[in-house]
Amino acid sequence: PLRIYSFLTAPYFFCFFFWWISLCFRFVKRKIKYITYSIINTLKGGAYMNKVGARNWLSLIIAGLVGQLAWAIENMFLNLYLFEQTQDASFVPWMVALSAAAATITTLFMGALSDRLGKRKAFISFGYIAWGISISLFAFITKDNIAKLFPTANAIFLTGVFIIILDCIMTFFGSSANDAAFNAFATDIST
């Protein structure tokens with residue numbers, strides 16, 4: 001009886017399943033069409049285009065993607081790198097806490113400074129370049145390099161400390177460029 005029941009209900013199940021899938025595709029197709037129309041309308045001079053401009057839109061998209069990519073590297077992979085170099089998980093909470101404190105303090109002070117000076121593009125440009133350089137410096141902080149530089153010291157501990165310090169420096173540049181200047185710049189040109 002179970003085989004007969006499943007044999008009889010299988011066509012109904014598949015019909016319902018394919019009907020549901022077709023509804024999902026129609027919904028997604030409508031959303032894509034609406035989003036595409038909105039983007040094209042904006043690029044042709046729609047609602048916000050007159051105020052922002054194509055060049056500024058491109059700048060916002062590129063700088064926003066670069067900033068989010070750099071934060072993703074820091075948030076996702078730097079913890080693993082710190083653990084890989086030290087084999088001690090106790091450094092990770094210190095790095096996260098000090099990086100968050102550095103980001104908060106930097107955003108407040110550098111945001112006020114960029115407001116006062118009115119040089120947001122300079123803050124963004126210099127901050128992104130320094131941010132990229134500071135990210136690349138992590139490649140040089142390894143336990144082997146620290147052991148060569150400080151042969152009598154605890155190389156594992158110093159490696160963890162130097163990675164945390166460099167993370168705070170990187171966060172300073174990232175918060176100056178992305179959190180303080182870029183977000184304010186995006187607001188300035190779009191309102």
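Student: What pattern does the chain follow when read along the sequence?
Tutor: Along the sequence the pattern is α-α-α-α-α-α-α. Keep in mind that this is a predicted model.

Student: How many helices and how many strands is that?
Tutor: The secondary structure comes to seven helices and zero strands.

Student: And what share of the residues counts as buried?
Tutor: The chain has 191 residues, and 32% of them count as buried.

Student: OK, salt bridges. How many does a search of the whole structure find?
Tutor: The search finds two salt bridges. In one of them, Asp115 pairs with Arg120, and the closest N and O atoms are 2.7 Å apart. In another, the side chains of Asp188 and Arg120 meet, at 2.5 Å from N to O.

Student: Where do Asp188 and Arg120 sit in the chain?
Tutor: Asp188 is in helix α7 (residues 155–190) and Arg120 is in helix α5. They are 68 residues apart, so the pair links distant parts of the chain. Arg120 turns up in both bridges, and salt bridges that share partners join Asp115, Arg120 and Asp188 into one network.

Student: Why do side chains like that pair at all?
Tutor: Side chains of opposite charge can pair when their charged atoms come close.

Student: Is Arg120 buried or exposed?
Tutor: Arg120 is buried, because its relative accessible area is 14% and the cut-off for buried is under 20%.

Student: What about Asp115 and Asp188, how do they count?
Tutor: Asp115 has 49% relative accessibility, so it counts as partly exposed. Asp188 also counts as partly exposed, at 42%.

Student: Switching topic. What is the volume of the largest pocket?
Tutor: Its volume is about 180 Å³.

Student: Which residues line the largest pocket?
Tutor: The lining is made up of Arg55, Asn56, Ser59, Ala63, Lys121, Ile124, Ser125 and Phe185. The elements that give two or more residues to this lining are α3 and α5 (120–136).

Student: Which element gives the largest share of the lining?
Tutor: That is α3, with four residues.

Student: How do the lining residues divide by type?
Tutor: Three are nonpolar, three are polar and two are charged.

Student: Now the outside. Which residues form a nonpolar patch on the surface?
Tutor: Leu69, Ile73, Met76, Phe77 and Leu80 form such a patch. Together they have about 520 Å² of accessible area.

Student: Is Gln87 buried or exposed?
Tutor: Gln87 is exposed, because its relative accessible area is 52% and exposed means over 50%.

Student: Last one. How far apart are Ala112 and Ala180 in sequence and in space?
Tutor: They are 68 residues apart in sequence and 8.2 Å apart in space, taken from C-alpha to C-alpha.

Student: And which helix holds Ala112?
Tutor: Ala112 lies in helix α4, residues 91–117. With a relative accessible area of 42%, Ala112 is partly exposed.

Key: Residues numbered from 1 in each chain as written. Predicted model: local features only at pLDDT ≥ 70, side-chain atom pairs only at ≥ 80, totals over all residues. Heavy atoms only, no water. Patch = residues over 30% accessible without salt bridge, like charges linked within 9 Å, V, L, I, M, F, W, Y side chains within 5 Å. Areas by Shrake-Rupley, 256 points an atom, 1.4 Å probe, with all protein chains shown as cover. Salt bridge = Lys/Arg side-chain N within 4 Å of Asp/Glu carboxyl O. 1 Å grid on protein atoms, 1.4 Å probe; cavity = no way out; pocket = protein on both sides within 12 Å on 5 of 7 lines; lining within 4 Å. Points joined across faces, edges and corners; volume = space filled by probe spheres on them. Nonpolar A, V, L, I, M, F, W, Y, C, P; charged D, E, K, R; others polar. Buried < 20%, exposed > 50% of the residue type's maximum accessible area, 1.4 Å probe, protein only.
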